Amino acid sequence: MKVRIDWTYKSPKNKVVQFLSEELEASEALIIAQDLERTGRTKRLQFADRHNSNWSIKELKNYVKEVETEPHDVIVYYDGGFDRHSKRAGLGCAVYFKQNGKDYRLRKNVVVDEIDSNNEAEYAALSMAVQEIELLGVHHLPVRFIGDSRTVVNQMSGEWAVLEHSLAKWADRIDQRLENIGIRPEYEFVPRKENAEADRLATQALGETMIESLIDLNADN
């Protein structure tokens with residue numbers, strides 16, 4: 001989780017000035033905050049996350065300690081490929097996360113039937129990705145979901161209305177699942193070339209090449 005340090009400084013002549021830092025990883029923000037406290041000029045110090053929730057130093061320390069042993073700093077790339085002739089879709093996702101001081105990557109793809117459009121394939125891919133992070137045990141954290149469908153990203157983030165009934169059903173199911181596990185989604189659009197890994201997994205699924213792997217990205221270092 002990233003936070004901003006909200007520090008209120010008090011000078012020897014009782015001049016009070018408020019400073020708000022750039023976004024920092026929670027663990028890094030704690031180190032800097034402890035340095036600030038050592039100045040002896042702190043009137044108030046707290047942290048603000050992206051959802052405008054405030055955290056005390058004690059609360060943030062407890063959070064960092066708890067999440068270290070669980071999957072956190074989760075970034076999800078997802079993509080859906082659609083074959084209009086067979087009404088089949090290949091779904092792919094790549095999930096990057098940290099746990100116990102290590103970096104991991106999960107890759108998964110599946111092929112599904114009875115899909116009616118490319119947009120529905122993209123929603124199905126996002127739904128699969130949410131299922132995978134739930135199986136990993138990710139909960140009550142912000143998660144970045146990155147895809148190359150502007151429609152899905154804008155609809156899921158609330159920028160666009162979901163007018164098609166079939167897509168609205170997917171969106172509702174995804175929202176409900178995220179709410180159930182306490183995930184605060186952050187949706188991000190990227191061009192297809194920046195989503196190449198998930199795109200390749202989706203294409204491989206349509207070609208009946210199934211992949212499911214979990215690797216420690218630090219293993220060869």
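Reader: Hello! What should I know about the model and its numbering before I start?

Author: Welcome! Residues are numbered from 1 along each chain as its sequence is written, and side-chain values use heavy atoms, with hydrogens and water left out. The model is predicted, so local features need pLDDT of at least 70 and side-chain atom pairs count only at pLDDT 80 or more, while totals for chains, interfaces and linings use all residues.

Reader: How many helices and strands does the protein have?

Author: Helices (H or I, at least four residues) and strands (E, at least two) are DSSP runs, numbered from the N terminus. Here the protein has six helices and 11 strands. Its C-alpha trace spans about 75 × 45 × 30 Å along the principal axes.

Reader: What share of the residues counts as buried?

Author: Buried means under 20% relative accessible area, exposed means over 50%, and partly exposed is in between (1.4 Å probe, protein chains only). Of the 221 residues in this protein, 42% count as buried. The accessible surface comes to about 12200 Å², and 46% of that belongs to carbon and sulfur atoms. Such areas come from the Shrake-Rupley method with a 1.4 Å probe, and for residues only the protein chains shown count as cover.

Reader: Is A121 buried or exposed?

Author: A121 counts as buried because its relative accessibility is 0%. You will find A121 in helix 3, residues 118-136. To see what surrounds A121, look at contacts, meaning heavy atoms within 4.5 Å. Not counting residues up to four places away in sequence, A121 touches G80, G81, F82, A89, L91 and I115. By contrast, A121 and L20 are 101 residues apart in sequence and 42 Å apart in space, C-alpha to C-alpha.

Reader: Which residue is 6.7 Å from A129, C-alpha to C-alpha?

Author: That is Y78, which is 51 residues from A129 along the chain. Y78 sits in strand 6, and it counts as buried because its relative accessibility is 0%. For the protein as a whole, residues 24 or more positions apart account for 70% of the contacts with a separation of 6 or more.

Reader: What does E188 touch?

Author: E188 is in strand 10. Leaving aside neighbours within four places in sequence, E188 is in contact with R144, F145, I146, G147 and V153. E188 is partly exposed because its relative accessible area is 29%.

Reader: Where is E179, and how far is E179 from E68 in space?

Author: E179 belongs to helix 5, residues 165-180. E179 and E68 are 22 Å apart, C-alpha to C-alpha, and 111 residues apart in sequence. E179 counts as exposed because its relative accessibility is 59%.

Reader: What is the phi of N14 and of N52?

Author: N14 has a positive phi of about 65 degrees although it is not a glycine. N52 also has a positive phi of about 65 degrees, and N52 is not a glycine either. You can find N14 in the loop between strand 1 (2-10) and strand 2 (16-20), and N52 in the loop between strand 4 (42-49) and strand 5 (54-55). N14 counts as exposed because its relative accessibility is 52%, and N52 counts as exposed because its value is 68%.

Reader: Which residues lie nearest the centre of the largest pocket?

Author: First, the idea: on a 1 Å grid over the protein atoms alone, a pocket is an open set of points where a 1.4 Å probe fits, with protein on both sides within 12 Å along at least five of seven lines; lining residues have an atom within 4 Å of a point. Here, E25, D73, V74, I75 and R144 lie nearest the centre, out of 23 lining residues. The pocket's volume is about 400 Å³, where grid points are joined across faces, edges and corners and a volume is the space filled by probe spheres set on the points.

Reader: Which strand gives the most to that lining?

Author: Strand 6 does, with four residues. Strands 6 (72-83), 7 (88-99), 8 (102-112), 9 (142-147) and 10 (184-189) each supply at least two residues of the lining.
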